[in-house]
2 protein chains.
Amino acid sequence: MNTFPECFPCFLSQALRVAQMIDCTTDQVKRLLDEVALMIPDIPLSRTPPHTASLIYRKIAGITGVADPFAAVKKQCTEAALRMYPRLREKIASAKDPLFTALQTAVAGNIIDFGVETHFDLEEDLDSMMNQQFTLCHYDDFKQELANAERILYIGDNAGETVFDRLLIETMAKPVTYVVRHEPIINDATLEDARAAGLHGVAELLSSGSPAPGNILPLCSDEFFVHYRQADLIISKGQGNYEGLSEEDRSIFFLLKVKCKVIARHIGIAEGSTILKKQGKR
Amino acid sequence: MNTFPECFPCFLSQALRVAQMIDCTTDQVKRLLDEVALMIPDIPLSRTPPHTASLIYRKIAGITGVADPFAAVKKQCTEAALRMYPRLREKIASAKDPLFTALQTAVAGNIIDFGVETHFDLEEDLDSMMNQQFTLCHYDDFKQELANAERILYIGDNAGETVFDRLLIETMAKPVTYVVRHEPIINDATLEDARAAGLHGVAELLSSGSPAPGNILPLCSDEFFVHYRQADLIISKGQGNYEGLSEEDRSIFFLLKVKCKVIARHIGIAEGSTILKKQGKR
């Protein structure tokens, strides 16, 4: 997905949010905003937003001296999600359709996100999210492709959300390769975060090779591409991965909560919706 | 009021909103965003936001070639408000406390605003706004100062809102000088807009001498200052005027709806509140 004009104020807002989170001085905040603003003329509309975000977060790290501002937040989210894990596993196991309930659980976990301006209380909001109907749900296609799948590529999104992905992976009971970011970026899951969520026990873990907060193919490693080509079912979590993969001409199931107007318009549904959207043929 | 870090993404959003409203091409929109972004390093936090906004809207006019993008919108808002005028005048006249109802009417009219990201349906939203309780209301002070006032300075805000100001002015039944912007800026009222609302029949009209979308004193004319110093009651409508006058050490009644987080935090109340706030002593 290309960058849209509305993304530019959002880039500034993201920089500001990080600066405020790590208690930058007013001078640091202003310098950061100035520097990010000066980057804008060099950001082409043809580039995906997560690609630009990776450059902006690098700038933030350079100015603030804080390389991983979300380290503590990621740990807290994973721990909170792990506390909920036994109850959710029980809920899925006793559900009328465990696979569907596991999909609802996994998409509910997508409320964990510090890259967009949303506020969430994980324990409180998750229950209402679990009861939210999918606005778009290609469940029959998903079930059918899953039945035949031997190699599943599951492209993860945020730390903590990883625990909810683990529940879906356990329910699918198929061989899964779980993809994480190569380096810390916003609150996205890295190998370390995936291990903290216990994903190494249920999936093969794989770095995308890229630090972008979304699966931007031109930035991914050769190793990632081998898995990407061989997979017979791909699950892509969250907006960042959607932005990176939305133009791909192959079967991908996007599982996400729509958190901004630009993505809502691109998909053609309302902000706040949750979707399991099948793209492509094969 | 100074510029706060949150104002910078908002400056870009404002430029974008105007560009989209006048159907700019994608290239024009990008160029506009680039140019406004390049202005950011030169915007000091010590400057009031409306001062910066006046420079940004001038840049927008330069790039798009549209000097007054809100001309048609202002006309429509004034006409819509004039259609509501007879019904509202009747409501005020038959109210238990006409002055208080007129204040509620005037602040309800402050929903008309194209400088902030709000959507309103004038006819539909006004009734619910009229029933909204003031979050902060120095009504007793206002009544007392009004009783003794001989020279009232009423600093207007948006075109269309002018009609609701007219109702308050008619209800106060005192000599009023009504202040408008010197040139078209966003949808703010100019002399022409004030006349279209019928304000010339109930008040002396005065240009602030400045094109800023807020009453920024260093940009105002000597003529304005004469009235400003002599007034024994000042009513300031809307956020832009609040931003320009919030640090003034003299009695001013701010009558406005709080439409952004920055102003909400500055006043210390929730976004969406309406206030009649007395500032200063004298």
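In chain A, the centres of domain 1 and domain 2, taken over C-alpha atoms, are separated by 25 Å. The bounds of these domains come from an automatic or database domain assignment, which gives domain 1 as residues 7–64 and domain 2 as residues 71–279 of chain A. This is a predicted model, so local features need pLDDT of at least 70 and side-chain atom pairs count only at pLDDT 80 or more, while totals for chains, interfaces and linings use all residues. Residues are numbered from 1 along each chain as its sequence is written, and chains are lettered from A and ligands numbered from 1 in the order in which they are written.

So where do the two domains of chain A meet? Ten residues of domain 1 are in contact with 14 residues of domain 2; contact here means that C-beta atoms, placed from the backbone, lie within 7 Å. On the domain 1 side, helix H1 (7–21) and helix H3 (49–64) of chain A each supply at least two residues, and H3(A) gives the most, with six. Helices are DSSP runs of H or I with at least four residues, strands are runs of E with at least two, and both are numbered from the N terminus. Nonpolar covers Ala, Val, Leu, Ile, Met, Phe, Trp, Tyr, Cys and Pro, charged covers Asp, Glu, Lys and Arg, and the others, Gly among them, are polar.

Strand E7 of chain A (residues 274–279) pairs with strand E1 (residues 136–137) in parallel through two bridges, and with strand E6 (residues 252–257) in antiparallel fashion through six. Pairing requires that DSSP finds at least two bridges between the strands. Within E7(A), A:Leu276 stands opposite A:Cys137 and is also the bridge partner of A:Leu255.

Turning to the two chains, the contact takes 17 residues from chain B and 17 from chain A. On the chain B side, helix H1 (7–21) and helix H2 (26–39) are the elements giving two or more residues. H2(B) has the largest share, at seven residues. By class, this side of chain B holds twelve nonpolar, two polar and three charged residues.

The largest nonpolar core has 165 residues, and A:Ala15, A:Leu33, A:Tyr154, B:Ala15, B:Leu33 and B:Tyr154 touch the most other members. Such a core is a set of buried Ala, Val, Leu, Ile, Met, Phe, Trp, Tyr and Cys residues joined through C-beta atoms within 7 Å, and buried means that 20 or more other C-beta atoms lie within 10 Å of a residue's own. Leaving out residues up to four places away in sequence, B:Ala15 touches B:Leu32, B:Leu33, B:Val36, B:Ile56 and B:Ile60.

Terms used
A residue is buried if 20 or more other C-beta atoms lie within 10 Å of its own, exposed if 12 or fewer, and partly exposed in between; C-beta atoms are placed from the backbone.
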